[in-house]
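Please read this briefing alongside the sequence and the 3D structure. Points are grouped by topic.

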Amino acid sequence: MENTQKKEFKIPPQQMINAWHDSHLASYKQFLKNFEAMSVNNLSFMQRLMGLVRDNIPTEFTEFLTYLLSDEEEKGEKPAMLTEYEELVWECLSGEIIICVNLLSGEIVSLREKKFKPKAEQIVISQEGFVAYYLQLPRMAKAVLTDIAQNMFQDIDLSDVIDSIRDISNEAKMSAELSESDGAKAVLFYWIASVFSYVLLALPSFMKNMAERGLSQNDDFAYCLYYFIAMDHGIKKMFSKVVSMTSQMNLDTYDQVAIDEILRKFIKAGKANGYENMAQDIEPMAENAEPDIRELILGAASVVKPPRGNKADYRSLDQLLVAADKDEVKALIKKFVEKEQMIDIAILYYILVHRQLMDECSMVTFCNALALFLNIPAFDSNDIKKRYNMINLSSRGLDPETASKYEQFQSVKWKRIRDVYQYWNVLFGKMH
């Protein structure tokens, strides 16, 4: 046993969890019924689950995901989570080690022993596990992965990574599945496995957030999910459920309304979080798709087209603002920029949009409009967009009472963000 990392988490001990479960059996049984109902296309459980996940995502994972999804020229400094676990994850996916994560204590241990039986509160991350999951996927899901890989990597030179990944794939006895392609599918598989590894490594922090939510808000669903994951092998059951549902899915007869809604929300969320070009990036995927799938993708992408189609958005601040008294709002915007730091423009954008004083637009458009209004040279919006992404994805950190319950919001950076937001949000709240 090596490379042990112990993190302190103030979460309920196992005895307290079991005691809660014993006194809430009815709630937990209903939770399991709702979980099983997904098999008959009842998506209410999934909708509530996604809401809970969104509200409890650890800050360090948000920073990791933002970095991962950023364009290469915009990435900047590696986030702490990537720096801490990058080597560990690659060793794991190369088959050299397995990783054991304790969901209750937060302990992360790397093991060279391949035969390890985890306890209920432990999950194992391993190359063998990912391979097994891949081989269980139905043919349709594998075909989708192939199409995605070909679209993602068709213009990218993968020669530097394909050989090493093929070697790893052959050692993992995946050659029958992967070596027939040009290697793009192998690269995509290990990219997905890598991201999922970080998801599992972030689970203890997510569990901590969820436990605190269950305590502070008396949220039975949060506690049920906590017990399900920590004590009832919930992650494994969730994956089995997804595989089962995918196996039964027939895209010609499946509930297209549900799929369409999920896809639209995904693209809208991406645009709201600063990825303005998602529609243009997704549309090419529809070119070689079946007619029904093409219509679905284009329909979803159409709802997030940037203003004026694909043309650059050069609207001025006057055109962006929708407040009744634009002069009063512009005067307050000028005071904000004069008093606060450049990076705080992210907070200004958040307030203006959420107060419905301004139309939503790309950060580049807003910064250009701001520079024109202030008669200053145009400035780089990349760092401002990243800060906005962080705030938007973890907006509960803006509320002092809510933030006080989460350790992740006690940093100097978050305290300053909160102070700036609280001061100016009140002032802009008086605007009409």
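The lining of the second largest pocket divides by class into 16 nonpolar, 8 polar and 5 charged residues. In this scheme Ala, Val, Leu, Ile, Met, Phe, Trp, Tyr, Cys and Pro count as nonpolar, Asp, Glu, Lys and Arg as charged, and the others, Gly among them, as polar. The model is predicted, so local features need pLDDT of at least 70 and side-chain atom pairs count only at pLDDT 80 or more, while totals for chains, interfaces and linings use all residues. Residues are numbered from 1 along each chain as its sequence is written, and side-chain values use heavy atoms, with hydrogens and water left out.

**Second largest pocket**

- The volume of this pocket is about 810 Å³, a volume being the space filled by probe spheres set on grid points that are joined across faces, edges and corners.
- A pocket is an open set of points on a 1 Å grid over the protein atoms alone, where a 1.4 Å probe fits, with protein on both sides within 12 Å along at least five of seven lines; lining residues have an atom within 4 Å of a point.
- The lining of the second largest pocket has 29 residues, and Pro 118, Val 124, Ser 126, Gly 129 and Tyr 133 lie nearest its centre.
- Two or more lining residues come from each of β4 (122–125), α6 (127–136), α10 (184–201) and α13 (234–248).
- The most is given by α6, with 7 residues.

**Whole protein**

- The protein has 23 helices and 4 strands; these are DSSP runs numbered from the N terminus, helices being H or I of at least four residues and strands E of at least two.
- Of its 432 residues, 47% count as buried, where buried means under 20% relative accessible area, exposed over 50% and partly exposed in between (1.4 Å probe, protein chains only).
- Among contacts (heavy atoms within 4.5 Å) between residues at least 6 apart in sequence, 66% join residues at least 24 apart.

**Helix pairs**

- The axes of α19 (345–354) and α20 (363–374) come within 11 Å and cross at roughly 105 degrees. Axes are lines fitted to C-alpha atoms, for helices over the stretch in contact, and angles run from 0 to 180 degrees between N-to-C directions.
- Ile 345, Leu 348, Tyr 349 and Leu 352 of α19 make the contact with Met 363, Phe 366, Cys 367 and Leu 370 of α20. By class these residues are 8 nonpolar, no polar and no charged.
- Helices α3 (residues 44–56) and α12 (residues 220–231) have axes that come within 11 Å and cross at roughly 90 degrees, and are therefore roughly perpendicular to each other.
- In this second pair, Phe 45, Arg 48, Leu 49 and Leu 52 of α3 meet Phe 221, Ala 222 and Leu 225 of α12. The contact has 6 nonpolar, no polar and 1 charged residue.

**Residues with positive phi**

- Most residues other than glycine have a negative phi.
- Gln 356 has a positive phi, near 60 degrees, and sits in the loop between α19 and α20. Gln 356 counts as exposed because its relative accessibility is 64%.
- Asn 375 also has a positive phi, about 60 degrees, and is found in the loop between α20 and α21 (382–393). Asn 375 is exposed, with a relative accessible area of 71%.

**Thr 59**

- Thr 59 is in helix α4 (residues 59–69) and is buried, with a relative accessible area of 7%.
- Not counting residues up to four places away in sequence, Thr 59 touches Ser 394, Gln 408, Phe 409 and Trp 414.
- The C-alpha atoms of Thr 59 and Met 81, 22 residues apart along the chain, are separated by 10.0 Å.

Methods: Parallel < 35°, antiparallel > 145°, perpendicular 65-115°, else oblique.
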